[in-house]
Each structure stands twice: as structure tokens, then as C-alpha cells.
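Student: Hi! Could we go through this structure together? I'd like to start with the charged side chains and then look at a helix.

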Amino acid sequence: MSSNTSAQPPKDHWSAEAYSASASFVPKLTQKVLQYLDPRPSERVLDVGCGDGKFTENFLPSVASVLGIDSSPAMIEAAKRDYDCTKTEFRVVDCRFLEKESSIIDGSWDKVISNAALHWILRDESTRISALRGIYAALKSGGSFVFEMGGHGNVAEVATAIMSALVHRGVSIEKARESNPWFFPSDTWMKQTLESIGFEVEKIELEYRPTKLTTAANGGLEGWVKLMGAQMLDVLPEEERSSAVKEVCEVLQTAVTRAEDGSQWLGYVRLRGIAKKN
């Protein structure tokens, strides 16, 4: 589920353990996108940005086979460990360059699914359109691309707080912006772009969905910032990262904490859609 803006293989910030502690809600809050996928027993499905396979598990029993691809070796290792069977294959692939994967982009897939990954994959503006073209090319005629990702305004409060912490430590605002690892498009941008590639967009929607952070050890707000904001924190010297994380958590304390029970919530905005290749 990761990508960065360099053409070099991205640094692997991910671990299945850290993801489970800080973001276990991601593969669970998927009822709508799974409904839109509408998996069938005869279908071959390509899961783009499959991560550790916990989302894949939701539809695996209902389809013929799944190929899960992700740029994180650690997450693919976890997926293979937990979900290896005759119906699955998991492969390390930098999905920014999906168009170059001729063994995958062969017009043979009934459906392509992507959950909570495209906002990482599409961050690199130079490969943004080609990655989506790769998804189009992967599908057979009549096949569907079903996705959910961060939409415009997603986690705006924490993204701003991390950027502010970087600037407070002498990072230029330009460099802080460049370190932001996410692309959260509007529904208008996504619809226009998919249609320009050749898709027929059947459904596109934005949903504001405040999401409760975990209370697991090494999770919560601090765990989320360390994991999801790792590429931004990487621009700081290692000895300054802990104080930056502390500042982010302290700045956000009032904004994200509910008075009635002390639970903490981030302002997730989900962009969801179905696009068909005719």
C-alpha cells in the first residue's frame, strides 16, 4: 500500500504488526466497496495495493482466484503467510509502474479492486495516469474497476499538523509539501480522469466518515502518525522525529478527542467508485 515520489524502489515503511496496531479499522470498514465489487464464483480478481491480505480475505471465498500486488515486501510476506492457498497469488509490484507489468496487464481480469491504496500509488504525478491506464489495460472487455481511497480533505487535520511540525524544525514549506505521501483527489477529478482513459464511470461518491483510532499498544494517534506519516517524518534527522510526533499529537489533542469518553477520531473522507471497461 505504499509508494513514493522517486523512481527508485520505495523504502518499505510498512509492517503487518504496525499496521494492525494503528490501522486495523481499514480492512474492516469496507462494507460499501465490497458491495460494489459484487464478487462472483467464476471471477478472476486483481487486488491493487493488497497490503497484508486482510481486505482480500473478505472476498476471497466468493471468487475463482485473486492476484494481490503491493510494493511492500513486508506486507506481501504477511499476505503469503496468512492467505496462501490454491486461489491466491501475492506478488511484490510497484503499482506506480503497473503499465510495465506485461504478465499482469493482459486484458484477462474480470475485476480490479483497490482499497485504501490508490492515494499512495497516485501520489507520484509523473506516473499517476499511467498507473490508471494499467488498471484499464488489465481488465477484459466488460470488466469493472472498483475502488475506495482517500478523497479530497481526507485526514486534513493530521496532514496539516505533521507539515507544521516539519516547518517548525526548519524544513521549508516546499520540501514539507513534497514529502506528503498522499494524493486525495476530488470526485470530479477522478471521474474526469477515468473517463479520459476510456472507462465508463457507473458510480462515484465522496463520504465524510470520521474514523475512530485504535487503542492498541503502539497504536492510537501516535502509532498512526508514525506509520502513515513515516515518509514525511523521514525528512527530519532521526533524533528529531520523536519530538515532532509528540508535537503533532499535542496539537491535535483537542481537535480529535471526544469529551464523552476520550476516544480519538480522524476526519477520513472516502472516495469510492465503479468504472467499467466497455
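Student: Which side chain meets R241 in a salt bridge?
Tutor: That would be D234, with an N to O distance of 3.6 Å. Keep in mind that this is a predicted model.

Student: Which residues do salt bridges with shared partners join into one network?
Tutor: The network consists of K32, E148, E205, E207, R209, R270 and R272.

Student: And how many salt bridges does the count come to?
Tutor: It comes to 19 salt bridges.

Student: Okay, what does R169 pair with?
Tutor: R169 forms a salt bridge with E247, and their closest N and O atoms are 2.6 Å apart. This pair links distant parts of the chain, 78 residues apart. R169 lies in the loop between α7 (156-168) and α8 (173-179), while E247 belongs to helix α12 (residues 238-256).

Student: Where do they stand on burial, E247 for instance: buried or exposed?
Tutor: E247 counts as buried, at 15% relative accessibility, because the cut-off for buried is under 20%. R169 is partly exposed, with a relative accessible area of 23%.

Student: What about R91, which residue is its salt-bridge partner?
Tutor: R91 goes with E89, and the closest N and O atoms are 2.9 Å apart. Both ends are partly exposed: R91 has a relative accessible area of 25%, and E89 has 38%.

Student: Let's switch to helices. Which residues of α9 are buried?
Tutor: Helix α9 spans residues 187-197, and M190, T193, L194 and I197 are buried there. They sit on the same side of α9, because they cover an arc of only 95° around the axis.

Student: Why would residues a few places apart point the same way?
Tutor: An α-helix has 3.6 residues a turn, so residues three or four places apart point the same way.

Student: Nice. Which residues are exposed on the other side of α9?
Tutor: Q192 and S196 are exposed there.

Student: Last one: which residue follows α9?
Tutor: G198 does, and its phi is positive, near 125°.

How values were computed
Residues are numbered from 1 along each chain as its sequence is written. This is a predicted model: local features need pLDDT of at least 70, side-chain atom pairs count only at pLDDT 80 or more; totals for chains, interfaces and linings use all residues. Side-chain values use heavy atoms; hydrogens and water are left out. Buried means under 20% relative accessible area, exposed over 50%, partly exposed in between (1.4 Å probe, protein chains only). Helices (H or I, at least four residues) and strands (E, at least two) are DSSP runs, numbered from the N terminus. The arc is that of the directions from the helix axis to the C-beta atoms. A salt bridge is a side-chain nitrogen of Lys or Arg within 4 Å of a carboxyl oxygen of Asp or Glu.
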